[in-house]
Amino acid sequence: FHVAALKHVEYLENNTNQGILTNVLGTENVLKYSVKNKGKYFINVSTDKAADPENILGITKLIGEYLCSRYSLKNNIKIGIVRFGNVFNSNGSVSEVFKHQLFNAGKISISHPDVKRYFMSGNEASNLILSALNIIHSKSLNKCRTFICNMGEQIKIIDIAKKMIFLSGRSNKKYLSNKYYGLKNIEKKSEKLISKNEKIINTFKKRIFEIKRNKTNKKILKINFNKLITDFSDKKNKF
């Protein structure tokens, strides 16, 4: 189960080198040694931001998905990719940030009133991982498969802030900032779980969906990722 990653959007924009090292080369290392040690199954945790990515996090996680495809083609290992939304109250999640602000008597600030995201509980995240393992354990000939789960409708971030303020016994007027600090060009108003080049091909237990790319970019599958990080380090440019 490969869960390790750098996942904070703004941090990765300022530390792209680390994003590539951890999310790309780190994934390749785990894949390589899983194959070396004759692992039969591999589950890679990805993100909804990998669907038509607009930031470094999404790009590095999408490349991690391509790496999984490449290793499954060349080796005798079955791979499942799972795309998470925001896991509520996980480390660095928006709910944890809001809670920290409230506990320190600060105001909650929102980037934009219409920003919304997919949310899932820790139990839903665990269930998706284990369900993916169970599915790829079957006799399917497809050696790399991607899964998402039904997380319902996206939730507005401002609604989460208001609910948390209410449950803490505080007032919106005092603890919710009426000024928006604005969306950056690396952020979307809303996320999606499936890119424009993907489609749902299977449904399991009415809550878990298997998706597939209409076409895989073969050039990406041939990238030398070790050379990529060296080139990036030399040029100091964004990926």
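All 7 of the 7 residues of strand β2 (residues 78–84) are buried, so this strand is largely enclosed by the rest of the structure. Buried means under 20% relative accessible area, with a 1.4 Å probe and protein chains only. The model is predicted: local features need pLDDT of at least 70, side-chain atom pairs count only at pLDDT 80 or more, and totals for chains, interfaces and linings use all residues. Residues are numbered from 1 along each chain as its sequence is written, and side-chain values use heavy atoms, leaving out hydrogens and water. Helices (H or I, at least four residues) and strands (E, at least two) are DSSP runs, numbered from the N terminus.

**Strand β2 and its partners**

- Lys-78, Gly-80, Val-82 and Phe-84 point one way from β2, while Ile-79, Ile-81 and Arg-83 point the other way.
- Strand β1 (residues 41–47) pairs with β2 in the parallel sense over 7 bridges; two strands pair if DSSP finds at least two bridges between them.
- Within this pairing, Tyr-41 stands opposite Lys-78, and Ile-43 stands opposite Gly-80.
- Strand β7 (residues 144–149) also pairs with β2 in the parallel sense, over 4 bridges, and Thr-146 in β7 stands opposite Ile-81.

**The sheet**

- The order β1-β2-β7-β11-β10 describes an open sheet of 5 strands with mixed pairing.
- The edges are β1 and β10 (198–204), each with a single partner strand, so one side of each is left without a neighbour in the sheet.
- From one strand to the next, the twist averages 30°.

**Helix packing**

- The axes of helix α2 (residues 16–36) and helix α3 (residues 56–74) come within 9 Å and cross at roughly 20°; axes are lines fitted to C-alpha atoms, for helices over the stretch in contact, and angles run from 0 to 180 degrees between N-to-C directions.
- The helices α2 and α3 are therefore roughly parallel to each other, a term for angles under 35 degrees.
- Residues of α2 including Ile-20, Val-24 and Leu-31 meet residues of α3, among them Leu-57, Ile-63 and Leu-67.
- The axes of helix α4 (residues 94–103) and helix α6 (residues 157–167) come within 10 Å and cross at roughly 40°.

Methods: Buried means under 20% relative accessible area, exposed over 50%, partly exposed in between (1.4 Å probe, protein chains only). A crossover is right-handed if, with the strands pointing away from the viewer, the path from the first strand over the helix to the second runs clockwise. Angles under 35 degrees count as roughly parallel, over 145 as roughly antiparallel, 65 to 115 as roughly perpendicular and the rest as oblique. Contact means heavy atoms within 4.5 Å.
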